[in-house]
Amino acid sequence: MTDSAVEYEIVHQSARRVSLRASLHELAASRECLWSFGERYLRLRYKQAALGVGWAILKPLALFVPFLVFFGGAAGISGGGTTYAAFSLSALVPWQYVAAAVELGSNALVVDGNLMRKIYFPREAPVIGGALSNLPDLAIGVVIVLVVAPLTGAQFGPSLVFLPLLAVLISLPALAVILPLSALAVYYRDVKYGIPLFIQLWLFLSPVAYPITALPPRLRWVMALLNPVSGPLEGFRRVLALGTMPDWGLLGISAASASVGLVFGYWAFKRLERAFADVV
Amino acid sequence: MWAVRFEGVSKFYRERSWFSSLGGEFTNLRRHIGARIRRTELEQPGTLALDDVSFEVAPGDSFALLGPNGSGKTTALRVLTGITFPSEGRVRARGRVGALMEAGAAVHQELTGRENVYLYGSILGLKRRSLKERFDEIVDFAEVEEVIDKQVKYYSTGMQLRLGFSIASHLEPDIFAVDESLAVGDGNFQEKCITRMRKLITGGTTVLFVSHYLPAVDALCNHALLLNRGRCITQGDVEEVVQSYVELLEHRRAARTIDDSMPIRVLSACCRDQDGVERRRFAPHEAMQICLEFEVAYPIDDPKVVIGLSDGRAVNVIECSMLEDNEHVCSPRLPQRWECRLTIDELPLKPRLYHVMCTVHDATGQARLFGWENVATFTVEGRTSPEGLGLVAQTGADVAVDVRHRWEFLT
């Protein structure tokens, strides 16, 4: 018998209280499991697709064209200091990351329901891993934005170093939504059908097709608070299209609000987690 | 000292059919509120899979969970591994718990064998580094070297199962819970699995084992627990518990309704020794008489009885057939009740548990008058050879037949 056997004791009991500290501790201990789920989803994503990773390039460009034609051309929304092409692409890429993460993360437990009935692993691992497995696509998208900059007229500068920070900050609100949704999806398959609608609605409430500067200054921070993807989206836009620093005020408000949401989301997930294997 | 400890564990699976509709949800809510107001316990539909189960497993022990289908064995393992939570009581485990609930459950069809080893292994809780070290060992054990970079969907079923078992069994946990997994694969692979389990046990791993395959239980486990309908019936040494399990099965069989469509039924069945005393335990190479009492629904001309002995596997170890022997039941017209006795002068069997199987055919051997049924059970105990030490080579090849034999060495 190894020493590790004496080191700790596992207890499963019927108590209903959720200890966030213990949960986070366990999650940290099994981070490799989380990365493996991420890698698994990543490897599975473009398996047996003729275009393969080409899809990661095609997806942002495909939405970019109608945006350019309808909003920039027909609706005549201004680029807020830059061309509409640069303006829309710079926010579309991070938005598509949020949309893909929500879609994949929320369904992760249902997709891997069989696994959940047969094996023990921290239940949030596939959810978070699935969501974060979209980060490479985000990176590819950002590279595309930079590559096509001569065509779109986007400007960028040293503020590009904040991109990783922005990627983290935009993941927070996504995870805050994904965790409770994925838990709910185990109980109700309705979630699966509701999510595309939800994402569409969220898109309209986010400064993707329009600039946040379209709102009066007093309302901007309200938007950053209530919809915490706004701050990071505006940040991406400033860095990738205007070449200026992110708006730290809006970013801070969004980050704070997203963090609170994430704690609640995680707590809800842990509350619902106990019966997962029984109902999935 | 214990490695695993169940303390009054109950598990109630709630029936969740009402979850499928919103309307049902509201009805349910109303019932809940109603019960709250009237201060009565709400009676919930569902099944009690475990009912106040308590037991302990010592560190390094190999422990079997026995019981008929639906007795709660798998639920016990699920609660132990944390897949599901107990409704009441608590489960404590000292050390890392590894489980093999279904070989190949997590092997993903679209991924290659190599990807599966790393990703499945790490989902099970193995560190990437130790996976890298053991990679060759895992692949070697699963016998999939040539196809390791192919997608698993192109593997045969056997290969997938082997890969799944191999990854899970290289976890090297402190406590290993295995559910029925040894029943998969061909004989060759079963043998390998049993050898692997033995290695884990001798290496100090605590093993909890669920299986219906009694020879494997006998071969691997020291202690056992018998469950029936979620309740703990007995626990103790594996021989005693296996004995109680067999009695429980026999009891259930007796209570089972008889197939009325068959014209013959067995009223009683027993095994006797040479003095005519009814017995359940025999020594190797002892004489044995199997007595069966039949009742026929209508007169039958010259029925042919076939009696087989099985050690739990699908094929009989020994078969005695009136058809083959060209035997006839003496009286020209059979009475409604009659008895059949089969004497085996010398029981050529190794120590383990055996089932007496019986079928009756018509005179031509074409029509079956009584199905293959397990009518009685007995064990063979003791040593096959008086001077022998009773050691068994760890080949895992469980051949049950033991012939009188002698060795000669010529140099």
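Colleague: How many bridges join β12 of chain B to β15(B)?

Modeller: Eight bridges join β15(B) to strand β12 of chain B, residues 288-296, and the two run antiparallel. Strands here are DSSP runs of E with at least two residues, helices are runs of H or I with at least four, and both are numbered from the N terminus. Two strands count as paired if DSSP finds at least two bridges between them. This is a predicted model, in which local features need pLDDT of at least 70 and side-chain atom pairs count only at pLDDT 80 or more, while totals for chains, interfaces and linings use all residues. Residues are numbered from 1 along each chain as its sequence is written, and chains are lettered from A and ligands numbered from 1 in the order in which they are written.

Colleague: Which residue in β15(B) stands opposite B:E293?

Modeller: That is B:E339.

Colleague: And what is the strand order of the open sheet in chain B?

Modeller: The three strands follow the order β10-β12-β15, with antiparallel pairing. β10 (264-272) and β15 (337-344) of chain B are the edge strands with a single partner each, so one side of each has no neighbour in the sheet. Direction ignored, neighbouring strands of this sheet are turned by 20° against each other on average, where the axes are lines fitted to C-alpha atoms (for helices over the stretch in contact) and angles between N-to-C directions run from 0 to 180 degrees.

Colleague: Switching to the largest nonpolar core, which residues touch the most other members?

Modeller: Of its 170 residues, they are A:I178, B:L80, B:L208, B:F209, B:V217 and B:A224. Helix α5 of chain A, residues 84-111, gives the most to this core, with 18 residues. Domain 1 (4-11 + 48-248) and domain 2 (258-380) of chain B both contribute residues, so the core lies between them; these bounds come from an automatic or database domain assignment. A nonpolar core is a set of buried Ala, Val, Leu, Ile, Met, Phe, Trp, Tyr and Cys residues joined through C-beta atoms within 7 Å. Buried means 20 or more other C-beta atoms within 10 Å of a residue's own, exposed means 12 or fewer, and partly exposed lies in between, with C-beta atoms placed from the backbone.

Colleague: What is B:L80 in contact with, leaving aside its neighbours within four places in sequence?

Modeller: Its contacts are B:V4, B:V91, B:A93, B:V97, B:A177 and B:L208, two residues being in contact if their C-beta atoms, placed from the backbone, lie within 7 Å.

Colleague: How many residues does the contact take from chain A and from chain B?

Modeller: Chain A gives 33 residues and chain B gives 40 residues. On the side of chain A that touches chain B, α3(A) gives the most, with eight residues.

Colleague: Which strand of chain B is joined to β1(A)?

Modeller: β4 of chain B, residues 88-94, is joined to β1(A) by five bridges, and the two run antiparallel. The bridge partner of A:Q13 in β4(B) is B:R90.

Colleague: Back to the domains of chain B: what separates the centres of domain 1 and domain 2?

Modeller: Taken over C-alpha atoms, the centres are 37 Å apart. The contact takes six residues from domain 1 of chain B and five residues from domain 2 of chain B. On the domain 1 side, α7(B) supplies the largest share, three residues.

Colleague: Last one, is A:V260 exposed or partly exposed?

Modeller: A:V260 is partly exposed, because 13 other C-beta atoms lie within 10 Å. A:V260 is found in helix α14 of chain A, residues 248-272.
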